[in-house]
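Please keep the sequence and the model in view while reading.

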Amino acid sequence: MSTNTSALWKQAIRTGLIGGAIVVLLALVGVIGTFKERDIISGWISMGHVLFLAPILLIAYSAARHVESHSKLVILLVGAISGLMSALVTAILPLFGQVVNLRAMFANASPDLYKILTFGQGIPLGVIILLLVGFLIGGLGASLLLLPLRARKVLSQAVVWVILAGLLRELIVVVISRWGVMAYIFRWMFAQNGLAPVGAIAIFVIIGALTFWQSGKKRPAPRDLPPHQKRKRTLVTLGGAGIILIILPLVLGVYFSEILDTVGLYILMGLGLNIVVGFAGLLDLGYVAFFAIGAYTVGILTSPELGLFHLTYWQALPFAVMVAVLAGVVLGLPVLKMRGDYLAIVTLGFGEIIRILALSDWLKPWLGGSQGIQQIAHPWIGGLELRNQTQLYYLILVGIAIAGFIAWRLKDSRLGRSWMAVREDEDVAQAMGINLVATKLLAFATGAFFAGLSGTIFATKLTAAYPHSFSLFVSINALCLIIIGGMGSIPGVVVGSLVLMGSPELLREFAEYRYLVYGALLVVMMLMKPEGLWPEARRRLELHEENELVPHEEPQPVLNNPGQLGG
Amino acid sequence: MLRTWRQRITFSDVVVWAIGLAIAFMVIYGTIATLRLGKYTPATWLDLIITGLALGGIYALIALGYTLVYGILRMINFAHSEVFMAGPFTAAFLADALVKLGIWNRYPLLSLVLVLALAAAISSSIAFLLERIAYRPLRTAPRLVPLITAIGASFFLQYTFRGLYGSGLKGFPTLEVLKGYWSLGTIHILKTQAVVILGALAMMLILYGIVQYTKFGKAMRSVSEDKETAALMGIDVDRTISVTFILGGASAGVAGILYVILFPVAHFFMGFIPGIKAFTAAVLGGIGNVPGAFLGGLILGVLESVGPSLFLDGMGIPAPYQLKDVIAFIILVFILIFRPSGILGERMAQAKA
Amino acid sequence: MFKRMFVAFSLLIVASMVLTACGPKAYQCTDALGCVDIGPSDPIHIAYALVIAGPDETLGIDSRNGAEVAIAMKGQVLGHDIKFTGEDDGCSAEGGQAAGTKLAADPTIVAIIGTSCSSAARVAMPLISQAGMVMISASNTAVDLTVAGNPNNYPGYLRTAHSDSVQGAAAAKFAFEEMGVRKAATIHDGSMYADQLQQVFAKSFKEMGGTITTTEAVDPNQTDFKSVLTSVAATGPEFIYYPIFVKAGSLITRQAKETTGLEGVYLMGADGMFSPDVVEGAGDAVEGLYVSSPDLAAFGADYVAVFLPKYSEMFGTEPISIFHAHAYDAANIIFAAIEKVAVKDADGTLHIGRQALRDAMYATQDFKGLTGNLTCTPTGDCADPKIAVYQYHVGLYPPERIWP
């Protein structure tokens with residue numbers, strides 16, 4: 001028994017140390033300091049505090065998970081000890097900072113940060129409080145384990161919604177303020193910065209109640225419904241979504257139309273990259289090249305600045321898209337025999353080459369050099385010029401509809417199956433009679449088609465094409481959103497784009513740490529849920545072979561399980 | 001025989017070969033035109049070559065890290081460029097402290113050793129953590145997954161360091177003793193350049209020695225050959241992989257210090273482009289091959305330095321140096337198409353390239 | 001979880017669709033563009049559109065810091081606190097469009113400090129101008145933004161930064177007349193700022209009778225310039241003009257001194273390199289480097305004595321880029337204009353007429369700012385028209401003024 005207990009404490013201490021290290025890292029990187037300004041519950045808790053205390057809580061929870069089989073007291077103690085250790089490690093920062101000027105090295109180790117970490121009480125009182133808080137929160141985290149599953153769900157959902165409401169306060173307030181008098185129904189929930197305490201409690205109670213009621217009911221899983229009911233359900237969902245999509249910008253205003261436009265353009269690009277990476281398994285890091293080519297072609301063909309051509313947007317569009325597709329084929333040819341890692345770097349190189357060429361002095365007479373191409377034409381429909389974000393939103397929506405439809409049909413087509421076979425194992429696919437060259441080139445071409453389309457809309461929205469807009473980050477953004485949304489999954493692209501492209505627009509603090517979060521998300525997702533947030537069913541099966549009920553000697557390729565083809 | 005030959009060539013092969021030949025032709029034409037123009041003296045060419053060698057030395061050192069990890073895990077460690085950045089960025093603060101204490105210029109060798117040690121330690125630690133946290137759990141996952149994890153880790157590390165040390169430039173102090181240059185007749189070589197080239201050579205020899213002649217190197221080579229069999233032979237595969245990462249990280253840290261000796265500024269983004277170039281160098285020389293990485297690095301450095309003047313100037317392209325990255329990437333594509341095993345070759349090339 | 005969010009969101013949308021009928025009432029206001037009404041206890045809302053994230057963030061963050069110093073030192077305007085929020089303009093056209101859209105949609109904003117980059121300004125201005133707001137930039141240098149009749153010139157735009165046409169020409173004059181050189185080379189870094197400057201320089205220099213031996217371009221994140229410099233050296237210039245930013249600029253300065261063939265060649269940068277970071281970054285090589293900048297002769301003292309310490313105290317570092325002083329001046333111009341045109345109500349509400357504010361800002365004359373004596377032209381150029389050339393010496397900041 002004694003060896004067991006020492007192992008327990010070691011576990012608690014170890015997890016506590018990790019938790020503390022995470023908090024210190026978050027503090028030094030500046031996340032806690034930056035989010036301090038954004039209150040969740042006005043005057044009480046800021047997002048900075050949430051980010052400060054949440055890791056301690058979660059680590060304590062996971063520590064307690066390891067000792068689930070023991071007595072209640074042990075669980076609580078383990079959690080509390082873990083929290084205490086985390087707090088101890090965290091306390092090192094302000095303590096050390098008193099003695100040594102950490103700011104010379106760590107830009108964020110400011111007195112303000114220490115104030116946050118010691119709850120404004122300074123040394124030594126603040127440190128004591130910190131340790132106490134750590135102990136309590138650790139215990140709290142562990143105690144969550146003791147609650148029944150339903151209660152846990154209720155609590156976590158309610159807390160998450162309160163945090164979300166606090167974070168998105170500005171968004172909600174802007175939407176509400178357009179309602180005039182009726183806004184007062186919700187207005188009292190929000191303070192100048194974050195939620196009013198009353199509002200927080202209200203949301204907590206409402207969501208908690210809803211979750212409670214929801215989790216009590218037993219509803220049939222979607223795939224178990226009879227087919228005609230399923231179809232009706234799908235139609236209703238799609239119809240409803242369609243109507244909402246159409247009225248969305250009118251309701252939300254120009255502010256959000258801008259965000260929706262960006263999200264929409266990335267959805268369009270994501271749909272294309274989804275085919276290249278998700279269906280065909282070709283990791284393309286230079287996707288921005290096709291985006292740029294679409295934009296620049298429209299620019300060259302419609303701008304009076306360069307004086308070369310003077311077409312309208314609609315006349316230039318097919319050319320631009322064709323050139324993009326051609327580029328897709330041309331850039332795809334050299335990489336046909338390359339796999340995985342090499343493919344990624346080479347395509348990255350291509351993306352950079354296109355950007356450098358667009359920027360270069362050499363091609364300035366045709367591409368505008370560093371000044372770019374300006375005065376790109378807007379599209380005209382009848383007598384109406386599509387010039388502001390709301391109008392262009394519909395253009396983007398049409399583009400997404402077309403692209404989405406093509407992608408959806410391709411997925412279950414022969415070509416789509418060929419892509420997935422190539423993704424699985426090229427040699428076997430070739431042995432089965434699939435023409436690798438044609439299949440891969442078609443993947444590149446289709447991806448380039450969507451990217452080029454997106455590029456033309458981007459150019460016309462901005463009425464300009466600058467080389468600085470076509471950096472590697474665009475490719476990385478597109479890649480992140482399809483992976484986090486779900487590789488190969490079309491709804492996943494939409495989810496990924498909304499979350500990853502929408503959040504930086506809505507939360508300014510997030511925008512500063514954008515790529516840090518993207519990077520962390522990629523790593524965490526790959527470690528825990530590689531199929532993404534809204535997975536494609538087949539993908540989820542592939543990646544979780546070990547979870548199948550029938551034990552295998554070693555993971556078998558999907559082709560061996562014909563019964564699992566559910567799409 | 002002609003018929004089987006015709007059957008094996010596809011349309012895409014023809015197009016690729018055509019493009020390749022076109023580029024080769026343009027390169028030769030440009031070279032001849034430049035030489036005919038006579039704008040550059042032999043002294044200038046020599047200068048460019050020496051600059052290229054120094055730059056290449058750094059690429060070579062970073063490439064060593066890529067090649068070691070690829071040899072053992074068949075995976076490009078995308079985050080290696082951040083491993084490269086972490087060491088010198090941190091060591092810059094130590095260097096500042098040494099300057100304040102007056103030790104920096106009084107005992108340059110000691111200072112250099114301290115700074116190198118810190119950089120190597122930090123870089124190795126990051127590499128080690130990377131392997132343990134991000135790569136080890138994914139060893140059996142499909143190809144794409146660890147690749148994406150590596151990309152994510154790369155960005156995460158970049159922006160973490162940006163958050164930690166700030167987004168501005170961190171100047172690295174220069175050593176008095178390394179100022180100026182040595183001359184042999186009309187050939188001038190900066191002292192810093194010489195240090196870099198010699199340092200890269202030394203590091204390469206050390207690593208080559210480790211891989212070829214030590215017991216541990218043997219373990220590394222056998223794990224890279226066949227992991228399962230190596231495990232059966234009693235080799236601790238996990239430990240071998242960890243130490244490989246540490247070695248690769250250490251060489252990146254050393255590369256980083258040499259880099260800031262040559263270009264005395266550190267910032268969070270400094271690893272990205274050298275990382276890609278270093279990968280190109282590793283492939284150029286033969287991935288998995290230590291002398292190959294070194295050779296590839298030197299060649300790439302020289303081509304990048306001399307290339308724009310030699311190939312592009314003659315064709316009348318304005319501002320040719322703006323396109324030097326284009327040259328580097330085209331070299332990469334060329335090598336991967338026409339000789340994927342690299343210059344010094346490497347057995348597993350065709351199957352994995 | 002997402003499905004629930006989706007449902008909730010949809011309900012919100014449908015509800016708001018029903019409820020959008022009612023809207024807020026407008027105040028009575030005689031201004032042609034409307035008024036901003038600020039309650040007695042409400043702050044005056046100044047916004048910014050600067051590049052605060054991404055590779056160019058030091059430019060925007062530095063400008064924002066400069067403005068924040070101005071706000072901190074000003075305290076209150078007419079008894080109201082100052083609320084300073086803003087958007088990231090990404091130093092790109094799409095960023096400018098996003099920032100411009102968001103700012104233009106917020107009617108509480110009185111004035112905007114921004115954008116960082118000219119490409120953002122071109123796209124943001126139509127939106128901001130249409131919303132009646134006024135925007136004053138601390139770092140836009142593109143010529144077309146303040147040329148009357150140019151499609152990129154909008155009412156409501158001002159800037160405290162120089163137009164490239166002034167600076168580039170001054171640099172050429174300095175090279176030709178003062179230094180007496182006849183052969184110059186230029187290097188730019190692909191940014192619009194640098195490219196336009198070197199183009200203006202080249203044009204003026206050639207008009208005066210000189211020749212440009214070569215024009216090269218580098219990447220701003222590059223660190224190895226030896227090969228470029230060697231290549232430039234081979235063309236035999238007497239003067240190299242590289243109007244780029246601190247990072248690449250200090251490295252080029254350092255490496256130029258190490259390049260054979262460039263001994264005795266004069267090196268010159270533009271106000272992008274007027275920064276203490278150049279002294280640090282170029283070390284000993286900074287000796288003799290020329291740089292153009294607004295003439296700080298009369299007002300430079302305040303910068304070192306008052307501004308820099310306050311900046312350090314607030315942000316813990318020295319200024320990280322170069323347009324902080326311009327942003328400081330921009331903010332103060334806004335405050336001065338507000339103080340001039342704001343009307344205080346009986347109950348303490350402040351009314352600021354937008355057109356009146358614009359007019360007041362355009363009418364700024366002889367404004368003593370950190371960056372010189374500022375007078376705004378009708379098209380928005382407020383920067384001190386006098387450009388001076390300075391020379392760096394090792395360890396000395398600010399550099400020594402040597403011309404005119």
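In chain C, the C-alpha centres of domain 1 and domain 2 lie 32 Å apart. The domain bounds come from an automatic or database domain assignment. Domain 1 of chain C covers 35-161 + 323-364, and domain 2 of chain C covers 165-293 + 388-403. Five residues of domain 1 of chain C and four residues of domain 2 of chain C form the contact, two residues being in contact if their C-beta atoms, placed from the backbone, lie within 7 Å. On the side of domain 1 of chain C that touches domain 2 of chain C there are two nonpolar, three polar and no charged residues. Here Ala, Val, Leu, Ile, Met, Phe, Trp, Tyr, Cys and Pro count as nonpolar, Asp, Glu, Lys and Arg as charged, and the others, Gly among them, as polar.

The model is predicted: local features need pLDDT of at least 70 and side-chain atom pairs pLDDT 80 or more, while totals for chains, interfaces and linings use all residues. Residues are numbered from 1 along each chain as its sequence is written, and chains are lettered from A and ligands numbered from 1 in the order in which they are written.

Chain A is divided into three assigned domains, as tabulated.

| Domain of chain A | Residues |
|---|---|
| domain 1 | 7-146 |
| domain 2 | 152-218 |
| domain 3 | 245-541 |

The C-alpha centres of domains 1 and 2 of chain A lie 27 Å apart. Nine residues of domain 1 of chain A are in contact with 13 residues of domain 2 of chain A. On the domain 1 side, β1 (39-41) and α3 (47-66) of chain A each give two or more residues, and β1(A) gives the most, with three residues. Helices (H or I, at least four residues) and strands (E, at least two) are DSSP runs, numbered from the N terminus. That side has six nonpolar, one polar and two charged residues.

Between chains, 41 residues of chain A are in contact with 44 residues of chain B. At least two residues each come from α1 (2-29), α15 and α24 (514-528) of chain A, with the largest share, 11 residues, from α15(A). The chain A side holds 30 nonpolar, seven polar and four charged residues.
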